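Subject: The structure I promised you

Hi,

Have a look first, then read on for what turned up in it.

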Amino acid sequence: MELLLDAVFLVNQAGTLVYVSPACEHILGYTSQELMGRSMIDFVAKEDRERTIEESKLVMSGHPRIGFENRYIHKDGHYVHIMWSARWSDEHGLRIGVARDVSAKKHAEALQRATYSISEAAHDAADVRLLCKAVHDTLSTLFPIDAIVVATCDGELTTWEKAYQYRDSADVPVLDWSMAQALSIQATNTQQSQWRLMEAAPGEGQAPSSAHRHDEPLPSGEGAVPGKHALAVLPMYTARRAVGTLMIYGPARALQAEAAQRLLAFVCDQTALAIERKQLIDDLYKAARFDELTGLPNRRTFGEFASEAVRRAQRTNGKLALLFADIDGFKHVNDSLGHATGDLLLKEIGQRMKAGVTECGFVARHSGDEFVAIVQDAEIVERIDFAVTRLRSEIEQVISVNDASLTVRVSVGVAVFPDDGESMSELIRIADQRMYANKSERKSGGASFLERLM
């Protein structure tokens, strides 16, 4: 029996190991003497313990079992997949189990599952956060993961965002975002994984926090001390650019094992491609619905929102106002100060309109130097003349652009539903006409539409 490659375990009714064959050291890293006298369930992965206990009860009730699979924690900290053949001996009061290490087979299957699950998540996930959650779920079946952070970046590595974060318990040391970002930048710049030994070191009566965390560079190779936990910061690249980093906190030996490194590299590649695809889709969606210069909704998005607002007002017998605004003399700004200054001016005016309308409605860039807004607050619509005067006054405050101080004038046309029209197209047409009338009257010095309203 001592020559068998499979390990033989004898377990009493209390679950204590009374004999373990020498093969266990090759499978789990523990010698027979280190295991005997200890509870077998202590070495089972915590996620598998409940069903392992139920299986043990079934065997002890007299039902021999073949092919039961669960995961054990190797002495180094990584998962070992075991397939069991077991039976109960009434004569000796012992459960006899033969354990076969099927980790290689499981890792091959895990690679295939990871490919499918991450690809499926990339297709189905509504956003990058849900995609990262699916990646975490996949990895947690392969490694003991105490914490995970996914950070994404732009192509220039100037903007970093925390796409996903998970911590198994309050005992896991907190990785503050500034440190995570610094390690991520270092990993992506060098295109090499960064490793840190990290341990919680709470003060008396305190939970672990970034202020009570001990960390240091992780020694390479055999220098990784058994039982220590490490943070692996893995850069994610595609053929085109850096996408971000995958940060995993868990047993150091488990994460540095050769099989784990191959699997993590594979998952990083798959995740990077999936994130890039998701980001490209998000970019296309944003480009289709938002103005690139000002960041405001574009004409198409405004049309959809405004049409729905009109339908809602029709159902509720409500009122709304449509504002059409145009910057007077904007062409002169472009001609005299350049298009770059003109772009900055448009962005500032867009933000001022958004600030003045957001609480009561919706603002968008219509085209060129024209902006449109829907005001839905009934009280403001009843006093739309005063609201527009105040909005225009805010927009026409001095604007500092580069080294120039500019003062602009804005012509505004207003159409009210249902007084001026009962469809979106009618309201836009009337507001547009009144905006041009307002512009002409202000040029000629006559009373404007708004002044006539007042």
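Let's begin with the surface: the chain exposes about 23000 Å², and carbon and sulfur atoms supply 51% of that area. Keep in mind as you read that this is a predicted model.

Now the overall build. You'll find 15 helices and 17 strands in the chain. Its radius of gyration is 33 Å, while the globule rule gives 22 Å for 454 residues, so the chain is more spread out than a compact globule. If you draw a box around the C-alpha atoms along the principal axes, it comes to roughly 110 × 50 × 45 Å.

What about the inside? Of the 454 residues, 46% count as buried. If you take the contacts between residues at least 6 apart in sequence, 58% of them join residues at least 24 apart.

Next, the cysteines. A disulfide is a covalent bond between the sulfur atoms of two cysteines. How many disulfides does a search of the whole structure find? The count is 0. Take Cys 153: the nearest cysteine sulfur belongs to Cys 132 and is 12 Å away. Cys 153 is also buried, because its relative accessibility is 6% and the cut-off for buried is under 20%. With 4% relative accessibility, Cys 268 counts as buried.

Finally, a few spots in the backbone to zoom in on. Most residues other than glycine have a negative phi, and most peptide bonds are trans. Here are the exceptions I'd look at:

- The peptide bond from Phe 417 to Pro 418 is cis, with omega near 5 degrees. Pro 418 sits in the loop between β17 (409-417) and α14 (424-444).
- Leu 157 is not a glycine, yet has a positive phi of about 60 degrees. You'll find Leu 157 in the loop between β6 (147-153) and β7 (160-167).
- Gln 191 also has a positive phi, near 55 degrees. Gln 191 lies in the loop between α6 (177-190) and β8 (194-200). Is Gln 191 buried or exposed? At 55% relative accessibility, Gln 191 counts as exposed.

Happy exploring!

Technical notes. Residues numbered from 1 in each chain as written. Predicted model: local features only at pLDDT ≥ 70, side-chain atom pairs only at ≥ 80, totals over all residues. Heavy atoms only, no water. Helix = DSSP H or I, 4+ residues; strand = E, 2+ residues; numbered from the N terminus. Rg over C-alpha atoms; globule rule 2.2 N^0.38 Å. Buried < 20%, exposed > 50% of the residue type's maximum accessible area, 1.4 Å probe, protein only. Contact = heavy atoms within 4.5 Å. Areas by Shrake-Rupley, 256 points an atom, 1.4 Å probe, with all protein chains shown as cover. Disulfide = S-S within 2.5 Å.
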